[in-house]
Structures are given as structure tokens and as C-alpha cells.
Amino acid sequence: MLVGLGNPIMGDDAVGICVVRILKEKIKGRADLEFKELSVGGVGLVEEILGYEQVFIIDSIASAETPGKIREFSPQDFKDTEYASSPHSTNFATALELYKKFNTGTIPRMIRIFTVDINPEFSFREALSPPVQRAAFELAELVGNEIEQIRNQVGPSATSNTNTSSLA
Amino acid sequence: MKTVTINPVTRLEGHGKISIFLNDEGNVENAYFQVPELRGFEKFCEGRPVEEMPDITSRICGVCPEAHHIASTKALDALFHVEPPPAAKKLRELLYSAFFIADHITHFYILAGPDFVMGPSAPKAERNILGVIGKVGLEVGSSVIKHRSDALDVIATIGGKRIHPSCGVPGGVSKPITEDERIKIESIAKSEVEFAKFTMKLFDDIVLKNKDYVNLITSDKFATDTYCMGTVDEEDHVNFYDGKIKVVDPQGREFAKFPAADYQQYVSEHVEPWTYLKFPYLKKIGWRGLVGGKDSGVYKATPLARLNVAEGMATPIAQAEYKRLYETLGQKPVHSTLATHWARLVELVYASERLLQLSQDKEITNPNVRNIPTQTPDEGVGAVEAPRGTLFHHYKTDAKGMVKGVNLIVATTNNHAAISMSIKQAADGFIKKGDVSDGIMNMVEMAFRAYDPCYACATHTLPGQMPLDIKIYDKKMGLLHNIRRP
């Protein structure tokens, strides 16, 4: 599954969602690949990826100095935020650890996180700035290639969706 | 009180940033809690079809999109002069009850719970949900996650999605539900009621049976004697979805009761030159600064404020818990900031019971869920109780329904003055003559966490949080201390 995180009406914050939309257009008709556009974090985000085997998460990261810079992280990189303070929500690392404790066997075996540096503006806009837009296309290419490699290595079944949590 | 003059260009901004200003003697003079002010929203909305507003406004906030969605939808009802059919109103309220359940469970177990279950002075590495699970057991932890998730499933059934529902349309909702769906929701609701009762018992065992915690809850150090605001039904019972906005004075006497459409007659917003964030206050009382009392227009709109303005709860178990809260604390209204956690659990019980009531109402499967608007749109106000306070949406359009003006007063903004006052009280105990004692971070955190302040756009970030940053300034705006928790 490919998850794009961000707020679609807050300018560069939407870069994760834009990358997902580019790839959705490019990679059509694949039953073994699902796309999600989400504006959520912590427990909510983890709940959305449970049951999927391999997950790519695309988000923005606040770094005013280098807008457009692409980075890759693993969940382990956020490990030291596990006990960090949060006035309103829990964080991704803590939420992931929480679900590991429940040992439900539904945590993806692969979670790769790609980010694009942005200069957060806190103003409403539907377009990306030029450097971030360029990065969105570059990242879409990169992630698209990664998805292809996975398919070539292990075959289509590796990305099948086993999520059955919905009530409907 | 000395006046702190801050150059207007040095506006205070930032996420979760707390600024504390000291007087000549080095004691706390003022404290301000800052959340990000999102700019340009009105401009962004102008010229758009107003029907887009429930989806646009729900994007303001990743924490309570349901509150914005429903307040916005109600504003559209008013703007298009259309009354939704009974089934639609009930489905909206049903979705909204499920939202309250998910939100209040999250707050109690994941955010506030660690302070009580692990203790306010426990090491940070233990004072979190993982520490709570370690103490109360995996089974309880699983139940927390299950009941939160089930509530989101109810939202998805009615609203189309677990997050950012999209069912609200002027005059109703976009689709009816089937009898099979109703049965599933009823089954979830029964379980939610039991879980709410269990949570209340847990609060009893861990908090109310601990003398130190009860002393902390009733301590003057954590009390703000302000006006209170909340929505009540015709019986003066707490209502999250609809009713009149009621305000009581610090002694609990009714000060005002008005329909949401009249909010501008009662609420005004004070502007300080050093912050983009406004301070709402009661217009007829006036702004006297960050002080409590009958002569100050500061009010709070929190779960505790909602209970304070009401005469009771509309469901039996919640009503019994409501009575017990006031009997135990020995007065009404209660102004203790930390009693807000208790009030939130009374509301969790009510939301669960209301979910069950509505799920057993056969009318919710009635296929007539929308009255198509036929009148010319002009202006409309919609309000709901968001989990963290009263939320107002106000739109104006041209005759074609294109947005000409937008005004929102969100819950955390309603509480902006009260939160700042609570932080000041907490900081007072830890700063004497310029010396800052250890423990200030924990107490300040506990003070503002009770309000469950909303961090808007920050919620989608991968770390899922913003660092807490306390800056302590002398009277000349010189930075004395910067205490930061990553």
C-alpha cells in the first residue's frame, strides 16, 4: 500500500498526497496495490496500515533550509520519539509499539517512509511551490521504481491487501 | 499588575509554545499558550460554492474533522433555509456520538491517563500509553483500541470514511443506512456503554480512591472561576449536536441562553498586538484581561463547563454519574481544571448511551434522509459542541451560493484565555523570584492537557506531535529560560 499524508489545502504540506495521486495515475489497474490519502497521525495512521504486508508512507517534513529535499526513514528512525510529549495525540512510533504489544500479527513487515522537506507556511493554498512540486515528481519516480522492484523480486502476492477491519 | 510591552513585530507564534512573563520581583505575571494560527482561510474560501464547506472545513483539523463537518453542515441548513428530515438529524447525531466516544477514549487513555495511572511525577519514559498498558494490562489496552476503532467504524458506516466523513449535505445526509448496518451499530453501541462504565470504574479505582489525586483535583492551584459555556437541549440537559448555547456566571447563575445564530450578540474577540490568536470573551461583560470573576468576560467551553451550565444529562447512567461528580466535589459549578477529566468521562458515558438510544430508533433506517433546498441561500450559522468546546461556523454567500464571508470560532480558541490562566496558575507554584523549580513542565502539561487543546494541522505529522517549549522572559522580554521537551 502507498499512503500519502498531508493536508490537501495547505500548500506544500500536501506533497505526500500529490505523490500518491501521480502514482495512482501512473500505476493503474493493479489489484495488489492500494493507495490512500490520509490526514492523520499516531494511532489513526497505524490503524490504517494494519493488515497490509508492505507499506510506503510519503509525507512532508518541516525544514525551511532545504525545501524539496527527499529523505528516507524507517520506523526505527522515530524510535527516540516514543516517549516524547504530545499535548493532543500520540505519535507514530508509540502507536506502532502499542500495536506490537498486542501481537495481532497485522503490522506490515515492511514500512518505508519517504519525506520531502518543506517550509511550513500555515496558510491555505492548493498548489505546491516549484521546488516541492519538482520533488513530488522525482519522488513519485523513485517510489514507482521501488514498487516495480518489489514486484519483480517477490511477485504480485507480496502486496496483496488482507485488511478486513472495516464494518461496512 | 505590571504591563509587559512587547514589540508588535515580535508576535508570539509556534506550536505548543508557552510564554511566561515575570514581573520585577521575578514572579509570574502572565502566561500564554500558543497554538498555530492558520492564516488566510477566509480568503481561501471566498468565491467557492458553499456546499464545499463541510469538506473544506473538516480539513482545518486532523483531530476533530467530524466536529467541523457537522457544524458546517448545520450552517448550510441555515444558509439554505432547509430543515433536514428526522432520520437525517438522528444519523448526524449518531455519527457525532460515535465521534465523541472515539475522541474521549483517546484523550482519557492515551493522553490524560498516563498522568493519573502512572502518576504526575513518574518518569517520562513511563508516563505514556505504553506505561499505562504495562500497568493496567494488555487486555484493557486491547479493549481501548477496539472500542475506539469500533466507534470509527460507526462513523465510516454513516459518513463514508473513518476519518474525514463526507455525508453532510444541506438539508440532510447523503445516504440512508440499512437495517443490517443498524443492527451492527446497535451491537457496537451496547459494547461501548459497557466500556464507558468500565472506564468510569477505572477512574474511581485509580483516581478517586487516591487521596493525593483528589487533593490535586480540588486544589485551588488548578481552578479558574470564569463563566462557562455549553449547549443544552430543551430540558437543560447537555447536548453535543443541537440546542441553545447557555452561559452561566462563575457562581453558576444563568447569564444567557441563545440560539447559535445570535452568537455575535454575546461573543466578541479580543485582539492583542503580539499574537495572531484572538481571545473570545462575553461581549456584555467586556474584556478585562486574563482574569476570572464575574466582572471578566473570560469563559471556558470544556466538558466541565458543559456540565456546569446544564441541569443534568439526558441518559440514566450519565445522569447518575453527573450527580455523583457534584455531590463528591460538594459544589456546582466546579471550576477545578483537573475535574475536566472526570467531566469528560461523564460525557463518554452519555455519548455511549445516546449512541445506543439512537441505534435502537428504527427511524434511522428511513430512506428519507434529505430535503432538497429550494430557497435562495444567504447567511447561516451552525454550532455544535466539539469534544473540547463550542464550535461556531458562520457563512455568507451571494444568491448563487458562492461564499462571500466566513467566520469560525473554534473550541480551543474559545478556551484560549482560560488555558493561559490555568498555565499561569500552574507556573506560579514553580517560579519564585526568578528561580524555576524542577517539575514545572509536568504541572504545566497537566494544566493544559485538561483542556485537550487542538493542534490543528500538526496532527498529520509522522512524529505526530509538536515539541513542548516553555520560554520564560523577564519584563523586558529578555529570555531567561527555555525548557524544551522534544
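**A tour of chain B**

Among contacts in chain B between residues at least 6 apart in sequence, 71% join residues at least 24 apart. The model is predicted, with an ipTM of 0.79 and a pTM of 0.88.

Select the whole of chain B to begin. Its 486 residues include 56% that are buried, and its secondary structure consists of 15 helices and 17 strands. Colour chain B by pLDDT next: the average is 87, and 90% of the residues score at least 70.

Proceed to the open sheet in chain B. Three strands, in the order E11-E12-E13, form this sheet with antiparallel pairing. Select residues 379-386 for strand E11 and 403-409 for strand E13 of chain B; these are the edge strands, each of which pairs on one side only. From one strand to the next, the twist averages 15°.

Now select residues 389-397, which are strand E12 of chain B; E12 and E13(B) are joined by six bridges in the antiparallel sense. Within this region, display His393(B), which stands opposite Leu408(B) in E13(B).

Over residues 1-14 of chain B, pLDDT stays under 50, and the model has 25 contacts beyond four places in sequence for them. Residues 457-466 of chain B also stay under 50 in pLDDT; for that segment the model has 45 contacts beyond four places in sequence.

Note on methods. Residues are numbered from 1 along each chain as its sequence is written. Chains are lettered from A and ligands numbered from 1 in the order in which they are written. This is a predicted model: local features need pLDDT of at least 70, side-chain atom pairs count only at pLDDT 80 or more; totals for chains, interfaces and linings use all residues. Helices (H or I, at least four residues) and strands (E, at least two) are DSSP runs, numbered from the N terminus. A residue is buried if 20 or more other C-beta atoms lie within 10 Å of its own, exposed if 12 or fewer, and partly exposed in between; C-beta atoms are placed from the backbone. Two residues are in contact if their C-beta atoms, placed from the backbone, lie within 7 Å. Two strands pair if DSSP finds at least two bridges between them. Axes are lines fitted to C-alpha atoms, for helices over the stretch in contact, and angles run from 0 to 180 degrees between N-to-C directions. pLDDT is the predictor's confidence in each residue, from 0 to 100.
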